[in-house]
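Subject: Structure handover

Hello,

Here is the structure I said I would pass on. My notes on its pockets and on one helix contact follow below.

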Amino acid sequence: MTHQSETLCAEDRLKRAGQHLCDLIAFDTVSCNGNRALIDHMAAYFGDLGARITILPDETGAKANLVAAFGPEDVAGLVWSGHTDVVPAVEPEWQSDPFVAELRDGKLYGRGACDMKGFAACAMAVAPDLAAAKLTRPVYLCFSYDEEVGCLGAPAIARYLAALPTPPEFAIIGEPSMMQLVTGQKGKIAMRAQVNGTSGHSSFAPEHVNAIEYAAQAIARISERGRRYEQEGPFDADFTVPHATMLATMIKGGVATNVTPESCGFTFELRAIPEMDPEADMAALLAQIETEVSAAMAAKVEGTGITFERIFAYPAMGEARNTAGFTRYASLLPAWGGKVSYGSEGGVFEQLGGIPSVIIGPGSIAQAHRPNEFVSLEQLGLCVDFLGSLISHLSQQAGAGHT
């Protein structure tokens, strides 16, 4: 292929990516809604190209995961993974309809443009090349539901892939990384606490169990543990924040200025690096709060105390650079960009699917979850070029047997 024809091919892929992204943004897949219409749209597109289509619905059928496979089935392949849900777009600062893509100054705006329908659009743009290639290894295009509310859809995909006669050996998660290679991601446990006290006129406060005050005592223990992580580690300097974090994130309680609050609720989270045992750390914290806070409440008035509920959890993504799958594609991967503190489905693929994972995707995480979210055409171009290089690599050895 000449340089000119290579350039035209790249331009065509970028044009297709932009068109697909406009189509995907038009689907309102905020996590509280269903994503089935978008999944059916993508399944039809990949299916028409000859992909083997598997749809994994949730129990309601309104949400679903998609696995579209190209290439042989008897050899370990490569996963390209993304999620289809997006966060709400209710901010008044939006300068255009968040669900109608708009191109301005080389940037494509819309909810999900970078997080992470941009990667899905790039996968769709190169899918005709996947279909035409004589692949020596399969490529699994995997798109999930409800990543934004706790990676709820990805476990079904990971288990499905792990159960294949020949599971994949490596996964690329297309979260926005400015097309840099990211080799670590923190895990998260999100918790909800309900503090139940007793109420009455605030002039008789000593007789009551003040739910807000005891919530504050529990939050103080949470903050103390967060400071301990910051001071004592464990540490991994490759992360954007080089240690675990723990903090309270929302709180609500009380009914009036002259009533001792009977009830208070708050949420908190632990973001852990892979070297930790987050379950043990969380259990230790809850035991401390039970001993030092809840017990004091119950001693004052029987039946009062604090109860905890897990909202969601997902595992950290560990180091993949010493694995066979990484080594196979190492020469094609972009420059290393460290490790990130935000979440992704990489840990789910690694822990539940046994599939080593990295993050590489178009756009900046700084644009995610914000009004006027965008991805630049330059980033989309880099992504389709990268995916195209993977296809070429998997096709070069056609006829020479698997390696």
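The second largest pocket holds about 260 Å³ of space. Please keep in mind that this is a predicted model. Lining this second largest pocket are 19 residues, and those nearest its centre are G187, P278, Y314, P315 and A316. Four elements, β8 (187-196), α6 (278-300), β13 and α8, each give two or more residues to that lining. Sorted by class, the lining has eleven nonpolar, five charged and three polar residues.

The largest pocket has a volume of about 440 Å³. Its lining is made up of 17 residues, with E148, K188, R271, Y314 and H369 lying nearest the centre. Strand β13 (residues 305-314) supplies the largest share of this lining, three residues. Of the residues lining the largest pocket, eight are nonpolar, six charged and three polar.

The axes of α4 (residues 154-162) and α8 (residues 346-353) come within 9 Å and cross at roughly 40°, so the two helices are oblique to each other. The crossing is right-handed. On the α4 side the contact involves A154, P155, I157, A158, R159, L161 and A162, and on the α8 side V348, F349, L352 and G353. Nine of these contact residues are nonpolar, one is polar and one is charged.

Regards

Key. Residues are numbered from 1 along each chain as its sequence is written. This is a predicted model: local features need pLDDT of at least 70, side-chain atom pairs count only at pLDDT 80 or more; totals for chains, interfaces and linings use all residues. Side-chain values use heavy atoms; hydrogens and water are left out. Axes are lines fitted to C-alpha atoms, for helices over the stretch in contact, and angles run from 0 to 180 degrees between N-to-C directions. Angles under 35 degrees count as roughly parallel, over 145 as roughly antiparallel, 65 to 115 as roughly perpendicular and the rest as oblique. A crossing is left-handed if the near helix is turned anticlockwise from the far one by less than a right angle, and right-handed if clockwise. Contact means heavy atoms within 4.5 Å. Ala, Val, Leu, Ile, Met, Phe, Trp, Tyr, Cys and Pro count as nonpolar, Asp, Glu, Lys and Arg as charged, and the others, Gly among them, as polar. On a 1 Å grid over the protein atoms alone, a cavity is a set of points where a 1.4 Å probe fits but cannot get out, and a pocket is an open set with protein on both sides within 12 Å along at least five of seven lines; lining residues have an atom within 4 Å of a point. Grid points are joined across faces, edges and corners, and a volume is the space filled by probe spheres set on the points.
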